[in-house]
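Here is my note on the model you sent. Please read it with the structure open beside you.

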Amino acid sequence: MRELNPSVEFANKTGLAYSAVCKPLCQKLHLPQTAFDILMFLANNPNYTTARDIVEVRHIKANLVSVNVDKLVQEGFLERRPVPGDRRKTELACTEKAQSIIEQGRKMQDDFIRRLMAGLEEEKLEIFFEVIDTMNENLDAILEGEE
């Protein structure tokens, strides 16, 4: 069997490990992983508030977003709000009922990051984040069509 490109393998393993860490919490909360991911995305990214944002940024299929948003609304974890000035858009907002899930999710995410970064010296972490920042700037330039 052919080995994956190291960066693809890293991304794949990260996703698999994150899902494995989420599984016990999702079972405890009686939430499908996708519903949990949607709640956490909205809670952690206040600039993204629509189902379209979830589809485009989080790369969750539209039908899965639709089904899970409906479920989260029915269960009182999300509410839909009209966007003033654009009758076609609906904003999604986490409710007070969702706050306990969000707190538990953030703790789990913090623990995951701590475990992922275990054994890395502070100096190496600083360099890592500097590299990520530079690459992010380069990606912005590429997306803006700069050379």
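The numbered points below go from the whole chain to single residues.

1. Ground rules. This is a predicted model, in which local features need pLDDT of at least 70, side-chain atom pairs count only at pLDDT 80 or more, and totals for chains, interfaces and linings use all residues. Residues are numbered from 1 along each chain as its sequence is written, and side-chain values use heavy atoms, with hydrogens and water left out.

2. The elements. The chain has six helices and two strands. Starting at the N terminus, the order is α-α-α-α-β-β-α-α. Helices (H or I, at least four residues) and strands (E, at least two) are DSSP runs, numbered from the N terminus.

3. Overall extent. The C-alpha trace spans about 45 × 45 × 35 Å along its principal axes. The accessible surface is about 10,900 Å², and carbon and sulfur atoms hold 53% of that. These areas come from the Shrake-Rupley method with a 1.4 Å probe; for residues, only the protein chains shown count as cover.

4. Of the 147 residues, 27% count as buried. Buried means under 20% relative accessible area, exposed over 50%, and partly exposed in between (1.4 Å probe, protein chains only). Now take contacts (heavy atoms within 4.5 Å). Among those between residues at least 6 apart in sequence, 47% join residues at least 24 apart.

5. H1 against H2. Two packed helices are described by the angle between their axes and the distance between the axes. Axes are lines fitted to C-alpha atoms, for helices over the stretch in contact, and angles run from 0 to 180 degrees between N-to-C directions. The axes of helix H1 (residues 6-29) and H2 cross at roughly 100 degrees and come within 9 Å. H1 is therefore roughly perpendicular to H2. The cut-offs are: under 35 degrees roughly parallel, over 145 roughly antiparallel, 65 to 115 roughly perpendicular, and the rest oblique. On the H1 side, the contact includes Tyr18, Cys22 and Leu29; Gln33, Phe36 and Asp37 come from H2. By class, this contact has six nonpolar, two polar and two charged residues. Ala, Val, Leu, Ile, Met, Phe, Trp, Tyr, Cys and Pro count as nonpolar, Asp, Glu, Lys and Arg as charged, and the others, Gly among them, as polar.

6. H2 against H3. Helix H2 (residues 33-44) also packs on helix H3 (residues 51-58), at about 100 degrees with axes 11 Å apart. This pair, too, is roughly perpendicular. Asp37, Ile38, Phe41 and Leu42 of H2 meet Asp53, Ile54, Val57 and Arg58 of H3. Here the classes are five nonpolar, no polar and three charged.

7. The strands. E1 (residues 78-83) and E2 (residues 86-94) pair antiparallel over six bridges. Strands count as paired if DSSP finds at least two bridges between them. Arg80 has Leu92 in E2 as its bridge partner. Two residues lie between the strands of this hairpin, where Gly85 has a positive phi near 85 degrees.

8. Thr50. Where does Thr50 lie? Thr50 is in the loop between H2 and H3. Its relative accessible area is 12%, so Thr50 is buried. Beyond residues up to four places away in sequence, Thr50 touches Thr90 and Leu92.

9. Asn68. This residue sits in helix H4 (residues 62-74). Asn68 counts as buried because its relative accessibility is 7%. Leaving aside neighbours within four places in sequence, Asn68 contacts Pro32, Thr34, Ala35 and Ile38.

10. Ser100. Helix H5 (residues 99-116) holds Ser100. With a relative accessible area of 43%, Ser100 is partly exposed. Ser100 and Leu29 are 71 residues apart in sequence, and their C-alpha atoms are 10.0 Å apart in space.
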